[in-house]
Amino acid sequence: MAEIRFENVKKTYGEDTIIPDMNMTIKDGSFTVIVGPSGCGKSTTLRMIAGLETQTEGNIYIGDRLVNDVSPGKRNVSMVFQNYALYPTMSVKGNIEFGLKNRKVPKAERQKLIEEVAEIVGLTPYLNKKPQKLSGGQRQRVALARAMVKKPDVFILDEPLSNLDAKLRQQMRSELVQLHAKLGTTFVYVTHDQVEAMSMGDEIVLLDQGEIMQMAPPLDLYNYPANRFTAQFIGTPPMNLVSVDQLPSAGFSEKAVEQIGFRPEKAKLRHFPGNDQFSMPCTILNRETLGSEIIYQLDTFAGKLYAKTFNEPVVDDEQLVVSVNNEDIYYFKENGRCIAPYLNRETPIKVRSTV
Amino acid sequence: MKTSRFALKGLNVLGLLIVIAIFATPFVWMAVTSVKSLSETITFPPVWIPETIRFENFALAWDSGPFLRYFVNSLIVTLSILVLQLFTIVPAAYAFARYRFFADRVLFALTMITLMIPTQLIFLPVYLQFSSWGLLDTHLALILPFAANAFAIFMLRQTFKQVPEELLEAARLDQASEWKIMYMVMVPMAKPTIITLLLFSFITHWNDYFWPLVMTTTDASRTLPVGISALTNVEGGVAWHIMMAGNMILVVPILIIFFIAQRHIIRAFVYTGVK
Amino acid sequence: MSRWLERFRPYLMVAPAIIVFVLFFIYPIGYMIYLSFHEWDFISPDKQFVGLDNFAGLSEHPEFLKSLENTFVFTFFSVGITTVLALLLALWINRPTRFYGFVQGAVFSPHIISLVSIAMLWMWLMDPQYGLLNWGLEMFGLPQSEWLASPETALYSIILVAIWKSIGFNTLIIIAGLQSIPPHLYEAAALDQSSRFTSFAKITFPMISPTLFFLIIMNLIGSFQVFETIDIMTQGGPLQSTNTLVYYIYEYGFRFFQLGYASSAGVILLIVLSILTVLYFFLMSRRVHYQ
Ligand SMILES: Nc1ncnc2c1ncn2[C@@H]1O[C@H](COP(=O)(O)OP(=O)(O)O)[C@@H](O)[C@H]1O
Ligand SMILES: [Mg+2]
């Protein structure tokens with residue numbers, strides 16, 4: 001059990017600065033998800049926690065221990081890899097046991113530990129099989145068992161579900177969340193999938209080009225994005241942005257903002273204009289019917305916008321009006337920072353709890 | 001149409017049988033000759049089936065020189081080479097595959113140069129070297145130059161490079177030492193390659209004639225191929241039946257092994273030849 | 001301590017192999033080059049520096065020139081014929097049935113047999129009086145040959161043995177090359193109704209030509225080193241007709257103790273092999289590029 005602290009951590013590969021200056025504290029016992037577009041430095045961050053990469057500058061603490069010079073095997077960190085990285089020449093049991101043997105755990109105890117974790121992840125019948133003989137989901141469980149058996153202070157998982165099919169992925173997501181609840185150990189989980197991040201994490205670190213865009217619980221990230229990047233990254237379709245100079249009603253410019261934004265699910269499609277501050281005529285370009293909801297692509301004089309409704313389908317080709325309640329409008333300043341509804345100031349990048 | 005197809009098929013099979021004959025007949029002829037009498041070897045046209053099968057030819061061939069000694073020498077030399085190679089090749093290939101170190105390119109280039117130097121080029125200077133060390137005509141002279149094998153290092157390095165990096169990282173997180181990673185994770189994964197390379201080495205050195213010819217002067221360290229070659233000048237002219245009997249002793253075990261493990265051996269050679 | 005070990009581990013790991021290479025391959029090459037500029041008989045204590053005299057001597061030495069010529073003739077015919085025949089044979093017997101597998105095994109078998117046995121066996125087959133080959137020629141009504149006994153035919157007889165020994169290995173390498181051609185290429189060609197010859201010329205040959213290049217270079221390197229068959233079957237004779245470069249080096253170094261001469265002949269072999277090696281690496285880097 002341990003919190004993880006990054007202090008002015010910088011990572012460069014030759015000329016390229018991957019992570020300029022990272023400061024964060026991952027809470028003890030949390031399920032923290034690091035999410036961001038591909039290449040933004042998520043894996044690098046994880047690998048620095050594990051000690052597989054060494055930071056160029058700065059300090060990393062696991063618990064109270066400064067681990068800058070501690071080798072990967074001694075950090076008491078377990079990792080689950082994207083491609084499982086199971087030892088193909090060892091049986092399932094051998095895979096789980098390898099780390100214990102290296103730690104010189106006595107045989108009887110090893111046996112007990114293996115049986116314990118095998119039971120938890122449901123691998124007991126497969127202990128003597130080679131990993132190649134198992135399905136993707138089972139291999140994933142072996143990787144988990146191998147990580148768990150060491151009783152680490154920290155679990156780190158690098159896109160562990162990306163090789164599974166959609167259904168299995170769904171199932172494994174909830175299994176992982178339950179596992180975390182059961183073990184209570186700190187989990188640091190990397191994914192590029194915002195849905196996965198939102199559904200699993202109790203704390204999300206959103207990265208872009210090695211910088212923390214926002215670090216907050218999922219709902220805060222959704223409701224109170226700190227900046228344009230977060231607003232657009234979280235939610236599908238992404239938040240609509242409209243430049244203020246394209247808006248006829250002058251009311252917005254008062255707040256010295258550059259753009260306003262609203263979530264597609266907050267857009268109202270109607271046949272008549274209302275008295276909302278934001279209201280503009282539109283035509284439907286395209287519609288995606290997903291069952292419970294419909295996503296419209298709208299054409300307006302301010303550009304293309306998305307709307308997501310849970311209503312009866314609207315008839316095509318009609319002149320419609322898209323409008324948004326005042327309390328659903330976000331304001332973006334020139335520097336990209338966001339002023340969320342009800343919160344007449346910039347959202348802080350790191351929120352510890354719901355504001 | 002149908003008949004011509006049939007004829008073509010027949011012709012094809014006939015052709016294949018001829019091909020087999022081209023490669024099998026010499027061995028059959030060796031076998032036939034090895035159980036003939038002297039007079040039966042010097043008749044023309046040759047006889048295919050000897051009057052009596054003279055197995056004693058094998059004993060005569062075997063007794064014509066210290067063949068047990070040669071056999072033991074061959075065994076000592078070949079097995080020592082294999083064991084030593086195992087201990088030099090694996091770490092070197094691993095280091096070249098997995099570490100970037102200051103002189104890695106230079107040392108690897110040196111290995112590749114060695115790969116291209118045939119023994120026929122270096123025997124003179126090495127002979128002089130061994131003679132000054134007093135190692136001529138010893139097993140060591142036959143073993144030491146082949147204690148490492150550049151070709152095998154190159155091949156094994158390729159195999160090691162294909163092992164995904166993640167696997168090594170997993171092992172590091174499992175607190176395995178670098179040596180342990182090599183022997184517990186990498187070597188088991190490269191086992192097919194290693195066996196192939198050892199098979200290749202075995203056949204090469206078991207059959208080698210040139211090096212032992214150059215480096216040995218007495219029966220104390222001569223190996224089988226050199227010993228057998230001495231049958232060409234058994235006193236009193238050429239005794240083909242004895243010569244062939246001697247060679248049968250050398251060839252038959254290898255051929256038997258070959259036809260049992262044909263697939264593996266061919267794969268070993270083709271694999272080492274192509275990649 | 002562990003940092004220190006960390007830094008030196010790779011060196012420790014390559015050290016045994018590198019020591020062997022330097023001691024028995026790299027250093028001897030240097031020593032050979034050094035000797036090639038000296039005159040030495042192995043017994044006298046001092047080596048006399050003679051500059052390029054050894055090379056000049058070689059260039060006028062008929063025996064050496066003959067051995068060079070023989071080596072080139074041997075190489076040209078053995079490599080050329082082996083490659084062409086192996087290609088044809090590979091196209092013919094590249095089929096997955098058991099019978100074809102047996103044929104492949106039979107063709108390959110000489111490759112794992114010691115050249116000593118092969119040389120002795122063929123000496124017997126080529127015996128001018130009682131040999132099986134002359135009996136075969138007679139059966140087909142052809143004139144008999146002197147084989148190894150005549151300077152006219154001896155070298156070609158040795159070439160024949162070299163081809164017989166190496167054709168199987170070459171064939172199987174080419175078969176491996178053929179099998180690595182993706183079948184969809186042929187399927188596309190079949191849809192285009194291309195003839196068998198066209199698909200050979202347009203697909204098969206271009207796809208296996210890297211393999212063929214490699215084989216040819218490996219064969220060239222191998223045949224410049226021919227020794228065993230010569231030593232056992234003819235010892236360079238009759239009348240120098242089968243004396244080759246390596247055999248020359250062996251004789252001058254070991255029989256006549258003219259180490260300077262032998263070394264400079266070695267340097268010439270080294271130069272030939274280096275050119276081929278450079279070619280080999282050049283092709284290898286190209287081929288890596290393709291993949
Ligand atoms: N060993 C390396 N050498 C050089 N650049 C690297 C190395 N590893 C990663 N990078 C670069 O660092 C950036 C971040 O990589 P990574 O952390 O793997 O991203 P991701 O967020 O997709 O996991 C990428 O641009 C990648 O190209
Ligand atoms: Mg990644």
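Guide: What follows goes through the contact between chain C and chain B, then the confidence values, and then some local details elsewhere. The model is a predicted one, and the predictor gives the complex an ipTM of 0.88 and a pTM of 0.84.

Start with the extent of the contact. Chain C brings 90 residues to it, and chain B brings 94 residues. Between them, about 8,100 Å² of area is buried, and carbon and sulfur atoms account for 81% of that area. On the side of chain C that touches chain B, the element that gives the most is helix 1 (residues 2–36) of chain C, with 22 residues. By kind, the residues on that side of chain C come to 67 nonpolar, 16 polar and seven charged.

Next, the links across the contact. How many salt bridges join chain C and chain B? The count is zero. Polar contacts do occur between chain C and chain B, in 13 residue pairs with both residues at pLDDT 80 or more.

The two partners can also be taken one at a time. Chain C has an average pLDDT of 88, and 97% of its residues score at least 70. For chain B the mean pLDDT is 88, with 96% of the residues at 70 or more. Within chain B, the element with the lowest mean pLDDT is helix 15 (residues 262–274) of chain B, at 72, while helix 7 (residues 139–143) of chain B has the highest, at 95. Chain B is also divided into domain 1 (2–58) and domain 2 (65–233). The centres of these two domains of chain B, taken over C-alpha atoms, are 38 Å apart.

One backbone detail belongs to chain C. Phe257(C) is a residue other than glycine, yet its phi is positive, near 50 degrees. Phe257(C) sits in the loop between helix 11 (245–255) and helix 12 (259–290) of chain C. Most residues other than glycine have a negative phi, and most peptide bonds are trans.

Asn76(A), not a glycine, has a positive phi of about 60 degrees, and its place is the loop between strand 5 (65–66) and strand 6 (77–80) of chain A. Thr236(A) and Pro237(A) are joined by a cis peptide bond, with omega about -15 degrees. Pro237(A) lies in the loop between helix 8 (228–233) and strand 11 (240–243) of chain A.

Last, back to salt bridges. Over all chains, a search of the whole structure finds 21 of them. One pairs Lys11(A) with Glu53(A), whose closest N and O atoms are 3.7 Å apart. That pair links distant parts of the chain, 42 residues apart: Lys11(A) is in strand 1 (residues 4–13) of chain A, and Glu53(A) is in the loop between helix 1 (42–50) and strand 4 (57–62) of chain A.

Notes
Residues are numbered from 1 along each chain as its sequence is written. Chains are lettered from A and ligands numbered from 1 in the order in which they are written. This is a predicted model: local features need pLDDT of at least 70, side-chain atom pairs count only at pLDDT 80 or more; totals for chains, interfaces and linings use all residues. Side-chain values use heavy atoms; hydrogens and water are left out. Contact means heavy atoms within 4.5 Å. Buried area is the accessible area (1.4 Å probe) that two parts lose on being put together, summed over both. A salt bridge is a side-chain nitrogen of Lys or Arg within 4 Å of a carboxyl oxygen of Asp or Glu. A polar contact is a pair of N or O atoms within 3.5 Å; within protein, one must be able to donate a hydrogen and the other to accept it, and residues adjacent in sequence count only if both atoms are side-chain atoms. Helices (H or I, at least four residues) and strands (E, at least two) are DSSP runs, numbered from the N terminus. Ala, Val, Leu, Ile, Met, Phe, Trp, Tyr, Cys and Pro count as nonpolar, Asp, Glu, Lys and Arg as charged, and the others, Gly among them, as polar. pLDDT is the predictor's confidence in each residue, from 0 to 100. Domain bounds come from an automatic or database domain assignment.
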